[in-house]
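Trainee: I would like to learn how to read a structure residue by residue. Could we go through one together?

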Amino acid sequence: MPRLLLRLEGLALFILATWAFASTGLSWWLYAVLFLSPDLSFAGYLAGPRLGAVAYNALHSTLGPALLAGLGLFLDHSMLLGIAAIWAAHIGFDRMLGYGLKYMSSFNDTHLGRIGRQAAGA
């Protein structure tokens, strides 16, 4: 049940962040181009699981987009708000699919449980 609730939270974040982006009036091309950009953090895994987890978690924690959104609100800057919304939508989408923050042991070890084939039997 907790995994289902966490995935539903991810769905809610994805939908609300996408709606927030729509309210900025920015181009949907920007949304399409930037939506997967947090996944560039996968490159950190080239240096090993420890650095990979740090890089991945830095770009997949809701703290980053929340701070960026706060700055965007403070400065009344729609581009910052739009980027924060895209970033949050990506995180929500990942969570909805079961991809959580990573532990340093392996890419497959997440706060939402183990992902991949080995998780199916668990």
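Trainee: Leaving aside its neighbours within four places in sequence, which residues is alanine 88 in contact with?

Mentor: Before the answer, please keep in mind that this is a predicted model. Once the neighbours within four places in sequence are set aside, alanine 88 is in contact with Leu13, Ala17 and Pro65.

Trainee: Which residues make up the largest nonpolar core?

Mentor: A nonpolar core is a set of buried nonpolar residues joined through side-chain atoms within 4.5 Å. Here the largest one has 9 residues, namely Ala17, Phe21, Leu26, Tyr31, Phe35, Ala85, Ile86, Ala88 and Ala89. Two elements, α1 (2-24) and α5 (78-97), each give two or more residues to this core, and α5 gives the most, with 4 residues. Another core lies apart from it and has 5 residues, among them Leu68, Leu80, Ala84 and Ile91.

Trainee: What does α1 pack against, and which of its residues are buried?

Mentor: The buried residues of α1 are Gly10, Ala17, Thr18, Phe21 and Thr24, and they pack against α2 (28-34) and α5. After α1 comes glycine 25, whose phi is positive, near 80°.

Trainee: Where is arginine 95 found, and how far away is the nearest side chain of opposite charge?

Mentor: Arginine 95 is found in helix α5. This arginine is buried yet has no salt bridge, and the nearest side chain of opposite charge, that of aspartate 94, is 5.8 Å away, whereas a salt bridge would need a side-chain nitrogen within 4 Å of a carboxyl oxygen. A polar atom of the arginine 95 side chain does, however, lie 2.9 Å from the backbone oxygen of histidine 60. Not counting residues up to four places away in sequence, arginine 95 touches Leu6, Arg7, Gly10, His60, Ser61, Gly100, Leu101, His111 and Leu112.

Trainee: Is leucine 112 buried or exposed, and where is its place?

Mentor: The place of leucine 112 is in the loop between β2 (106-110) and β3 (113-114). Its relative accessibility is 9%, so leucine 112 counts as buried. Beyond four places in sequence, leucine 112 touches Arg3, Leu6, Arg95, Gly98, Tyr99 and Gly100.

Trainee: Are aspartate 76 and alanine 32 buried or exposed?

Mentor: The cut-off for exposed is over 50% relative accessible area. Aspartate 76 has a relative accessible area of 69%, and is therefore exposed. Its place is in the loop between α4 (63-75) and α5, and its phi is near 55°, a positive value in a residue other than glycine. Alanine 32, which lies in helix α2, counts as exposed because its relative accessibility is 53%.

Notes: Residues numbered from 1 in each chain as written. Predicted model: local features only at pLDDT ≥ 70, side-chain atom pairs only at ≥ 80, totals over all residues. Heavy atoms only, no water. Buried < 20%, exposed > 50% of the residue type's maximum accessible area, 1.4 Å probe, protein only. Contact = heavy atoms within 4.5 Å. Lys, Arg positive; Asp, Glu negative; His and termini not counted. Polar contact = N/O pair within 3.5 Å; in protein donor to acceptor, adjacent residues only side chain to side chain.
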